[in-house]
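Biologist: Please show me the model. I have some questions about how the pieces pack.

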Amino acid sequence: MVRVIVDGTPVDVPAGSSALQACEAAGKEIPRFCYHERLSVAGNCRMCLVEVVRAPKPVASCGFPVAEGMEIKTDTEVVRKARRSVMEFLLINHPLDCPICDQGGECDLQDQAYGYGSGVSRYDEPKRAVTDKNLGPLVKTVMTRCIQCTRCVRFCAEVAGTPELGAVSRGENMEITTYVEKALTSELSGNLIDICPVGALTSKPGAFQQRPWELKKTDAIDVMDALGTNIQIQARGGEVKRIVPRVNDEVNEEWLSDKGRFAIDGLLRRRLDRPWLKVHGKLQAVSWQDAFVAIARRLEGVPGSRIGAIVGDLCDAESMMALRDLMISMGSPNLDCRQDGAHYDVSDRANYTFSSGIAGIDEADALLVIGANPRHDAPVLNARIRKRYLEAGRGGLPIGVIGDMGSDPTWAYESLGAGASALADLMADGNPFLEKLKAAKRPMIIVGQGALTRDDSPVVLEACALLAETVGAVTDEWSGLNVLHTAASRVAALDLDFLPAEGGRSVRGMLSGGVDVLWLLGADEFPVHGIGPDTFVIYQGHHGDAGAARADVILPGAAYTEKQGTWVNTEGRVQRGFQAVFPPGEAREDWRILRAVSDVLGHTLPYDTIEALRERLQVGARHVTARRSAAEALSDSVLSKPFASSGASYYLTNPICRASATMQECASVHAPHAAVAAE
Amino acid sequence: MSAQTPEQPAHFAFDEASEAEIATILAKYPPERKASGVIPLLYVAQRQMGRLTGSAWVPVAAMDVIAARLEVAPIRVYEVATFYLMFNTKPIGRYHLQACTTTSCWLRGSDDVVAACKKATGIQHFGETSEDGMFTLTEVECLGACANAPILQVDDDYYEDLDGPRTEQLIEALRKGERPAYGPTIDRFNSAPEGGRKVLLDVGDSGQG
């Protein structure tokens, strides 16, 4: 620790801190534009000037390292004057268009101009104007507003790992651009909007929609991937206008994936807003009561073993709990949450979660990725891998990959093969990458859905466990065998044992007439067309997608922004989201629907409030004893086909984003050229 | 600033002569630091374009080739190429006339040099190319040869101690395909005094001078 004196107050900061960090530690607010704590220091805006005693002139505190006994003054006339001058220069070329600027009200430049701006301008010369750039469907540019802090350039190069933005030309002519016009390829590009301190980069889909002070803000959890990104839903007049990330260093730091941020227009389209009942092959709008009665009539006399339930990827734990209770009370053993047919070892919670924790990536010193594409499966988690990769320096973090990466994962890796046989090769004595894993103190293995959704997955899982043991990835203080989920609901469902009970059928078993009545809770991602023609399908969910298209009864539920709920992320972290807006029309919160229908079915669920439900809810732990599901024949030998990640576009993985015009546009802009040609 | 201009070629590849130069250049840097070779490689590309097309400029396709060769993101090369004025990101004429108009040259008559350039080539403004495609006139900042002001840099060569008429003569010679000797255009050795030595006259040529 180094002791420095800030405005007469001594503070202790770690050696190597900057003067700015020391000032913050002392509780002094230092104005800044280019400095961002999660990016490298550029030191080009000069707004953070402070006075250091015995320094000949004010210094930019963001890039000035502290020294023992250094005396910093943050509020002297010299400092104020210097900052005023900097502000005057910044404002010379900045347009006075705050009234039509989307950043207005949450603009760093606007805020700091209150403190340091002059009321009048001394500048009579022509201002510079800069051509706007087309950065794709998500980020809108008004480049004349740019103050060239280069935060966006650094974000792209460092965090996102897609160095496409740069500052070309020089001096008066300097511009932030891609130079060759192209859409940003990052799945994290929305964060550029957050880090831009002015209105140069704003949201394209959200342009001119709202002012920040009009929005009602609600804390929630993102469900677009299994990371459980902490978000804030900002709504106005019952409509979600914007979603921004909240800071949670252990989960998402302060980033949010583009899907989580921009799929919100999907919440307004293709919604199920009233119950429907299929009469003579055609869906008819009915009342809740009629829908319930129709379900009760159909279920009459159907034995529990002929009833099945599948939960989707976006469900909250409460509704899954209610559905499970209902199914068990009707005597059904046919429960499944694994729409993709994944296999998990549920004997121990550590075996189906990202058990090292997401923050564990920061400590890993060797990484093996098996059948996962972190950049698509969880872009924010991928940014964390990249951060660790950069921090470790050249060759500091050896990364091996088994499976197909698709696109550039933003970190360098060794390809160790495509399929399960590569795992066996890796296990062979003297394999160079095996040696690297063995040499590592905290080796990490990430197993993705690509390796878990195969017929030979149990064998693959066993091999992974063996490998983890061999390389010392699972010890008393380190749990490095991680499962990267893609479905936000999955870990909670596994915690709740939403799996086939003894003798029950899995998703595959429930298809082709395996059950007579099938209850789909937001389940759209399995082969819906495989449901037997005589199976009575009840679809409870919020979007008219694959499941609803096949349904005999549709019960309109609430999307994740419209209900309070509990989600468990891929590392097993239990998080709660709150209700931001009301569901549309007659749609209701899902657990309430299940509670209401249970009454009609004569199997009344024993709770009337969500609090009472939650008393029964036991996520975050695994209580049920292990068993290997014997419902279907599994291959006991390794298959030759490569680990394939889901073929779907990153932007179209769930009903909400498929309903979103913005996400559809992204999917078409970023469609792989080869795929387009093949079609 | 954008690269979208109609004259951009779709492809670029280094020829044999350039490859030989590149091998020499990259040998100077450790393999993991080869990104440092970006400026020399841009020069190589620009010279190759001059050699092959008569217009020494760096198209985007060439920058992409350089980025791939140096294993950096293309934008990092675009940044460098657009930052330095020595790299032409648009096609230029056969000869690149770079007139220095900074203080020393200006005091010594760079206005005449510029006027002569315009008169001899028919160019109206800085940054334009003559109609015959022979000359591009650029205004540059101090070229660092103030002792020989005013200066006109033609491609890589300095023509020094110019005035209006001599500038016109130079341009006419260039137009004919000649390359007059670079250096002072008056009776002077480098930046030694005009008309020969002025001091230490008693020291012989073979002396301790």
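Biologist: In what order do the five strands of the open sheet in chain A run?

Modeller: This is a predicted model. The sheet is open and its pairing is mixed. Its five strands, all in chain A, follow the order β2-β1-β5-β3-β4.

Biologist: Which strands of chain A stand at the edges of the sheet?

Modeller: An edge strand here has a single partner strand, so one side of it is left without a neighbour in the sheet. That applies to residues 9-13 and 59-60 of chain A. The edge strands are β2(A) and β4(A).

Biologist: Which residue in β2(A) is the bridge partner of A:Val4?

Modeller: Strand β1(A) covers residues 2-6 and pairs with β2(A) in the antiparallel sense. Five bridges join these two strands. In β2(A), the bridge partner of A:Val4 is A:Val11.

Biologist: What angle does helix α2 of chain A make with the direction of β3(A)?

Modeller: Helix α2(A), residues 77-92, packs on the sheet. The helix touches β3 (49-52) and β5 (71-73) of chain A. Its direction and that of β3(A) make an angle of about 155 degrees.

Biologist: Now chain B. How is α1(B) oriented relative to α2(B)?

Modeller: Helix α1(B) spans residues 16-26 and helix α2(B) spans 38-53. Their axes come within 10 Å and cross at roughly 170 degrees. Angles over 145 count as roughly antiparallel. Therefore α1(B) is, relative to α2(B), roughly antiparallel.

Biologist: How many residues of the contact of α1(B) with α2(B) are nonpolar?

Modeller: On α1(B), the contact uses B:Ser18, B:Glu21, B:Ile22 and B:Ile25. They meet B:Pro40, B:Leu41, B:Val44 and B:Gln48 in α2(B). Two of the contact residues are polar, one is charged, and the nonpolar ones number five.

Biologist: And how is α2(B) oriented relative to α3(B)?

Modeller: Helix α3(B) covers residues 60-70. The two axes come within 10 Å and cross at roughly 140 degrees. The crossing is right-handed. That angle makes the orientation of α2(B) to α3(B) oblique.

Biologist: How many charged residues are in the contact of α2(B) with α3(B)?

Modeller: α2(B) brings B:Val38, B:Leu41, B:Leu42 and B:Ala45. α3(B) brings B:Ala62, B:Ile66, B:Arg69 and B:Leu70. Seven of the contact residues are nonpolar and none is polar; the charged count is one.

Biologist: Which element supplies the largest share of the side of chain A that touches chain B?

Modeller: 17 residues of chain A are in contact with 13 residues of chain B. β7 (166-168) and β8 (175-177) of chain A each supply at least two residues of the chain A side. The largest share is three residues, and it comes from β7(A).

Technical notes:
Residues are numbered from 1 along each chain as its sequence is written. Chains are lettered from A and ligands numbered from 1 in the order in which they are written. This is a predicted model: local features need pLDDT of at least 70, side-chain atom pairs count only at pLDDT 80 or more; totals for chains, interfaces and linings use all residues. Two strands pair if DSSP finds at least two bridges between them. Helices (H or I, at least four residues) and strands (E, at least two) are DSSP runs, numbered from the N terminus. Two residues are in contact if their C-beta atoms, placed from the backbone, lie within 7 Å. Axes are lines fitted to C-alpha atoms, for helices over the stretch in contact, and angles run from 0 to 180 degrees between N-to-C directions. Angles under 35 degrees count as roughly parallel, over 145 as roughly antiparallel, 65 to 115 as roughly perpendicular and the rest as oblique. Ala, Val, Leu, Ile, Met, Phe, Trp, Tyr, Cys and Pro count as nonpolar, Asp, Glu, Lys and Arg as charged, and the others, Gly among them, as polar. A crossing is left-handed if the near helix is turned anticlockwise from the far one by less than a right angle, and right-handed if clockwise.
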